Amino acid sequence: MKIHEYQAKELLSRYGVKIPRGRMVTSAEAAEDAAVELGGLVVVKAQIHAGGRGKGGGIAVAKDHDEAHAAAKRLLGKPLVTHQTGPAGRIVRRLLIEERLSIARELYLGLVVDRELGRVTLILSGEGGMEIEEVARLHPEKILKAVIHPLTGLMPNQVRKMAYELGLTKAQVDKVSGFALGMFQAFMDVDASLIEINPLVITATDSLVALDAKVNLDENALFRHIDLIGLRDPHEDDPAEVEASKHNLSYVRLDGNIGCMVNGAGLAMATMDIIKLYGGEPANFLDVGGGTDQARVKAAFEIILSDSSVRAVLVNIFGGIVRCDVIAQGVVAAIQEMGIHVPLVVRLHGTKVDEGKKILASSGLNIISADGMAEAAEAAVQAARRRS
């Protein structure tokens, strides 16, 4: 789960990370008041869940409260387009008004889960303010890393070694070490999947300040952090993904035209792969899970078909915990109630598969039945092409 910059900063400040003075606002009048409160010279920052805000015009420097009001009026309620939003952009509904700092140097400091190593890794670079992916691609030698052992946690000497390599003074090294240790504690406490400060700035007065902050939370661990669920901004999420979460469905919208309803993440990935193998493009990832029922099957269909680009639907179920006859009943009930108007391919295998196939066959509905994954994928791709 992503959260806004101002929320990330508030969270990190509890762990000793110094942040600029600032205030979140939702109106131009409030932005003007915040600028007065902060001394006039401020930065107006659009709050959306996407990078590249500066390049997209979402960050403005205001010399006084009038300019802050004008910048806020220009941004609020308008779409902001960046390289991460797509051409439609994201509507700006919140702004962060911050004091402007005099910057002497910019750094990058981040914590991320290294999927290959299965460890949390600290990243430090002297190329703050730039996209870290580009720095890693063009100048990998400028990316310093420390792999964190799960038993010891982040050790101060790991941070200090990297900080000295950047040519920082002892006082600056001490401050970076304090920031990193605080970030790591926050990372573990809230079950984060990523924490990033970019840039981490050294000011003209030799203070260390998080000029920007990004925190992503592991949604699978939110049951341990009920207090953090309120940080979600539903306006920033795909409405279909928000609806799916209400039914405990794992859904991610993609760019294709073949809707997928599958049980199990591994089978879902394999289903998308085989659709592409036969020349098609999946419209989504959707895992109905192991303990599904008719109501969840209907909800899954509604979510898949809310995407107007879907031209066919492939249901691929392996009956282990979930029974094929229950899925078949759910499919039939959903079609009868909703009136699905795109071709539907169903492949069932496993527990109660014969009963499931009989339910589909006796329904009298226009369902394309398939026995194998290859057969099902090929049928779905052909059906989508005809429909297109």
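1. In this predicted model, the face of helix α9 turned away from its buried side carries the exposed residues G266, D273 and L277. Helix α9 spans residues 265-277 and has 13 residues. From its first C-alpha to its last it reaches 18 Å, close to the 18 Å expected at 1.5 Å a residue.

2. The buried residues of α9 are L267, A268, T271, M272, I274 and I275. These residues lie on the same side of α9, because they cover an arc of only 165 degrees around the axis. As background, residues three or four places apart in an α-helix point the same way, since there are 3.6 residues a turn.

3. The cover over the buried residues of α9 includes the strands β14 (258-262), β15 (284-287) and β16 (312-319), together with helix α13 (373-387). Just after α9, G279 adopts a positive phi of about 90 degrees.

4. A separate point concerns an open sheet of four strands, which has the order β1-β6-β2-β3 and antiparallel pairing. Strands β1 (22-25) and β3 (59-62) stand at the edges with a single partner strand each, so one side of each is left without a neighbour in the sheet. From one strand to the next, the twist averages 20 degrees.

5. Strand β1 is joined to strand β6 (residues 95-99) by four bridges, and the two run antiparallel. Within this pairing, V25 stands opposite L95 in β6.

6. Two helices lie across β1, β2 and β6. Helix α1 (residues 5-13) runs at about 55 degrees to β6, whereas helix α2 (residues 28-37) runs at about 175 degrees to β1.

How values were computed
Residues numbered from 1 in each chain as written. Predicted model: local features only at pLDDT ≥ 70, side-chain atom pairs only at ≥ 80, totals over all residues. Heavy atoms only, no water. Expected span 1.5 Å × (residues − 1). Buried < 20%, exposed > 50% of the residue type's maximum accessible area, 1.4 Å probe, protein only. Arc of directions from axis to C-beta. Contact = heavy atoms within 4.5 Å. Pairing = 2+ DSSP bridges. Axes fitted to C-alpha atoms, helices over the stretch in contact; angles between N-to-C directions.
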